[in-house]
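Keep the 3D view open as you read.

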Amino acid sequence: MAVNVIRQVRESRPLIHNMTNAVVMNFTANGLLAFGGTPIMSHAMEDAPDVARQSSGLLLNIGTLTEDQVQAMISAGQIANDQGIPVVFDPVGAGATPYRSEVCKRILKHVRPTVIKGNSGELAHLVGIDVETKGVDFVGEADEETIVRKLEEKYRTSVLCTGAVDVLCIEGEIYKNHTGHPVLTQVTGAGCLLGSLLTAALTVEASSMEKGLAVLEHYGKAAERAANQPGVHGPGTFIPHFIDALSFDPEELRK
Ligand SMILES: Nc1ncnc2c1ncn2[C@@H]1O[C@H](COP(=O)(O)OP(=O)(O)O)[C@@H](O)[C@H]1O
Ligand SMILES: Cc1ncsc1CCOP(=O)(O)O
């Protein structure tokens, strides 16, 4: 299942338009390349709509948003919707400031994402559930299944809630992924990069469940493999090994 999805990505090397934040731009481009996609970053209103027209998938990530970029995201998102291109929306830091909350509502009013993905704190905020967050991080406790179901119902779209266990909600069904490693919580952009790989996976021919679980399993297994390498002593040495592992064959990673 995972093998089929990831091999298709590696054959087509889909062009993924990453409208993502300044913190994770380089990490995202390298991680997506290792996984098998072709990254392009473009945020300006003068450029992003044309890039969206040429791309196979679009990631909207509001981590370091400016008003100009938000307008470009809406424009690119509408083009992607019109062209039937998958869109992943990552509401980074939703609820941390009134502006982020307003932008989430605005984007979701104008763009239909294929998947909304975020951590529990961000997704809880989108459905009005009060949980404890600190900036872009989730620090409290939450009932992920309730959150994803409510969000799916509200926006009629698939939802991925990341965490120690990832919870995916597609057409009312819940799927869980248990792969992963706690060191991912010490790497900024671990969630953001996952959103880019998910966008790439959504471009191939398979069921939504297969595509979602394939990426989650591969990502988590790559983290487990990297974290257990002899030269890895913490988040700094983990990162290059993780990028390497993302490029491995999915069957090899399962061994
Ligand atoms: N405690 C954990 N153990 C294992 N994997 C984790 C843990 N926390 C998060 N992950 C993984 O890290 C990645 C990013 O998730 P998360 O930390 O929730 O995102 P974000 O960086 O957006 O807050 C996901 O692949 C998730 O499965
Ligand atoms: C630290 C930070 N601040 C704004 S965006 C960002 C990156 C967040 O990345 P992630 O949520 O994937 O760890």
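This is a predicted model: local features need pLDDT of at least 70, side-chain atom pairs count only at pLDDT 80 or more; totals for chains, interfaces and linings use all residues.

For Cys192, the backbone N or O atom is 2.8 Å from an oxygen atom of ligand 2. On its own, ligand 2 exposes 370 Å², and the protein buries 78% of that. The residues around ligand 2 include Thr188 and Ala190 from this stretch of the chain.

Now turn to ligand 1. It has 14 residues around it. Asn119, Thr162, Gly163, Asp166 and His181 come nearest. Side chains supply the polar atoms here. In Asn119, a side-chain N or O atom is 2.9 Å from an oxygen atom of ligand 1. In Thr162, a side-chain N or O atom is 2.8 Å from an oxygen atom of ligand 1. Asp166 places a polar side-chain atom 2.8 Å from an oxygen atom of ligand 1. Ligand 1 exposes 540 Å² when taken alone, of which the protein buries 83%.

Next, the helices. Helix α1 spans residues 2-12. Its buried residues are Ala2, Val3, Val5, Ile6, Gln8 and Val9. What covers them? The cover includes α2 (25-35), α8 (190-201), α9 (208-227) and α11 (250-254). After α1 comes Arg13, with a positive phi near 40°.

Helix α2 has another partner, α10 (residues 235-246). Their axes are 7 Å apart, at an angle of about 35°. From α2, the contact uses Phe27, Asn30, Gly31, Ala34 and Phe35. From α10, Ile239, Phe242, Ile243 and Leu246 meet them. By type, the contact residues comprise seven nonpolar, two polar and no charged.

Last, look at the loop between α8 and α9, where Leu202 lies. Is Leu202 buried or exposed? Its relative accessible area is 11%, so Leu202 is buried, since the cut-off for buried is under 20%. Beyond its neighbours within four places in sequence, Leu202 is in contact with Pro86, Val88, Thr114, Val115 and Lys211. Leu202 and Ile16 are 186 residues apart along the chain, and their C-alpha atoms are separated by 11 Å.

Terms used:
Residues are numbered from 1 along each chain as its sequence is written. Chains are lettered from A and ligands numbered from 1 in the order in which they are written. Side-chain values use heavy atoms; hydrogens and water are left out. Buried means under 20% relative accessible area, exposed over 50%, partly exposed in between (1.4 Å probe, protein chains only). Helices (H or I, at least four residues) and strands (E, at least two) are DSSP runs, numbered from the N terminus. Contact means heavy atoms within 4.5 Å. Axes are lines fitted to C-alpha atoms, for helices over the stretch in contact, and angles run from 0 to 180 degrees between N-to-C directions. Ala, Val, Leu, Ile, Met, Phe, Trp, Tyr, Cys and Pro count as nonpolar, Asp, Glu, Lys and Arg as charged, and the others, Gly among them, as polar. A residue is near a molecule or strand if one of its heavy atoms lies within 4 Å of it. A polar contact is a pair of N or O atoms within 3.5 Å; within protein, one must be able to donate a hydrogen and the other to accept it, and residues adjacent in sequence count only if both atoms are side-chain atoms. Accessible areas come from the Shrake-Rupley method with a 1.4 Å probe; for residues, only the protein chains shown count as cover.
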